[in-house]
Every structure is written in C-alpha cells, then in structure tokens.
Amino acid sequence: MQRNQYNTNNETLVCKIQAGHEEYIALLWANLQRYIKAAAIKYYNRFAERFRQYGVEVDDLYQVGFFALLDAIKAYNPDRGYKFTTYLTYPLKNQFNALMSVRGGKVTKAGKSMLTVLDELTEAPDAIVLD
C-alpha cells in the first residue's frame with residue numbers, strides 16, 4: 001500500500017530536512033496537506049462559534065498549519081521511534097489556538113501579532129528559514 005502521494009516516508013523527509021536539505025519541505029507539505037486540512041476542519045468544528053466570533057475561517061487554520069509543520073520538523077527526534085504526525089499534533093493545536101488569540105487582540109511573545117508576522121512572510125516568502 002502506498003503511504004502517500006509521492007511514496008516517500010514522512011520521517012525520512014524530516015530527517016533530510018533536519019540535515020539541511022530544505023528543498024524537501026515542499027514535498028513534506030504536499031504529503032501532509034490532507035492530514036493538516038482534516039485537523040483544521042476538526043478543530044474548527046469543535047470551536048466554530050469562537051472562531052466565527054473572531055473572523056477565523058478553516059482556511060486560516062490550514063495556513064498556520066504550515067508553521068506548525070515547521071515547528072514539528074524542529075522538534076522531531078527519530079530515535080524516539082514515533083511517527084512524525086505524532087510530533088505534528090501539538091504544534092497544530094498551538095498554532096490554531098494562537099490564531100484565535102491573535103484575532104481576539106492578543107500579541108505574540110515577540111510583541112508582534114501573528115497577522116503582522118504572516119503579512120511580513122507573505123511579502124518575503126524566501127524569509128522562511130529553519131533554525
């Protein structure tokens with residue numbers, strides 16, 4: 001059975017990305033888009049009233065899912081034996097919650113709202129770098 005569209009193991013891709021091959025981020029994103037979209041829909045439906053109150057749509061959650069993916073890449077440890085999607089779950093919830101609090105008027109620890117950060121990244125897409 002084919003594991004994903006490109007028949008490339010997510011865990012292998014993450015290890016390559018962590019080794020400095022950032023060109024695999026797009027492939028990993030393509031592999032996990034349906035998973036992230038499903039998580040966004042599930043989370044939105046769970047808190048739909050609150051999200052609507054702040055003007056957050058499912059697509060907003062899906063978009064911040066990319067930042068969750070980057071967070072999970074940093075955190076992934078193949079020696080622990082867990083699938084990469086296990087590492088992705090917590091950053092997804094964090095990003096979804098952060099988006100709701102930003103729309104509610106809160107700011108990030110760095111003093112910028114997430115919307116400002118997203119606007120800056122939209123203007124300079126090459127600025128996305130893994131630490």
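**Helix α2 and its neighbours**

Author: The crossing of α1 and α2 is left-handed. This is read from a predicted model. Helix α1 covers residues 10–18 and helix α2 covers residues 25–46. Their axes lie 9 Å apart, and the packing angle is about 155°. Angles over 145 degrees count as roughly antiparallel, and α1 and α2 are therefore roughly antiparallel to each other.

On the α1 side, the contact is made by N10, L13, V14 and I17. These residues meet I25, L27, L28, N31 and L32 of α2. Sorted by type, the residues of this contact comprise 7 nonpolar and 2 polar, with no charged ones.

The next neighbour is helix α4, which covers residues 58–75. The axes of α2 and α4 come within 8 Å, and they cross at roughly 130°. That angle makes the two helices oblique to each other. The crossing of α2 with α4 is right-handed, whereas that of α1 and α2 is left-handed.

From α2, the residues in this contact are I25, L28, W29, L32, Q33, I36, K37, A40, I41 and Y44. From α4 they are V58, D59, L61, Y62, G65, F66, L69, L70 and I73. By type, the contact of α2 with α4 has 15 nonpolar, 2 polar and 2 charged residues. I25, L28 and L32 of α2 take part here, and these residues also meet α1.

Aromatic rings come next. The structure holds 9 aromatic pairs. One of them joins Y43 and F47: the ring centres are 5.0 Å apart and the planes stand at 55°, so this pair is tilted. Y43 is buried, with a relative accessible area of 10%. F47 has a relative accessible area of 21% and is partly exposed.

Y43 also pairs with F96. Here the centres are 5.3 Å apart and the planes are at 45°, so this pair is tilted as well. F96 is buried, with a relative accessible area of 2%.

Ring pairs join Y43, Y44, F47, F51 and F96 into a cluster. Y44 belongs to this cluster and is also one of the α2 residues in contact with α4.

Definitions and conventions: Residues are numbered from 1 along each chain as its sequence is written. This is a predicted model: local features need pLDDT of at least 70, side-chain atom pairs count only at pLDDT 80 or more; totals for chains, interfaces and linings use all residues. Side-chain values use heavy atoms; hydrogens and water are left out. Axes are lines fitted to C-alpha atoms, for helices over the stretch in contact, and angles run from 0 to 180 degrees between N-to-C directions. Helices (H or I, at least four residues) and strands (E, at least two) are DSSP runs, numbered from the N terminus. Angles under 35 degrees count as roughly parallel, over 145 as roughly antiparallel, 65 to 115 as roughly perpendicular and the rest as oblique. A crossing is left-handed if the near helix is turned anticlockwise from the far one by less than a right angle, and right-handed if clockwise. Contact means heavy atoms within 4.5 Å. Ala, Val, Leu, Ile, Met, Phe, Trp, Tyr, Cys and Pro count as nonpolar, Asp, Glu, Lys and Arg as charged, and the others, Gly among them, as polar. Rings of Phe, Tyr and Trp (its six-membered ring) pair if their centres lie within 6.5 Å; planes under 30 degrees apart count as stacked, over 60 as edge-to-face and the rest as tilted. Buried means under 20% relative accessible area, exposed over 50%, partly exposed in between (1.4 Å probe, protein chains only).
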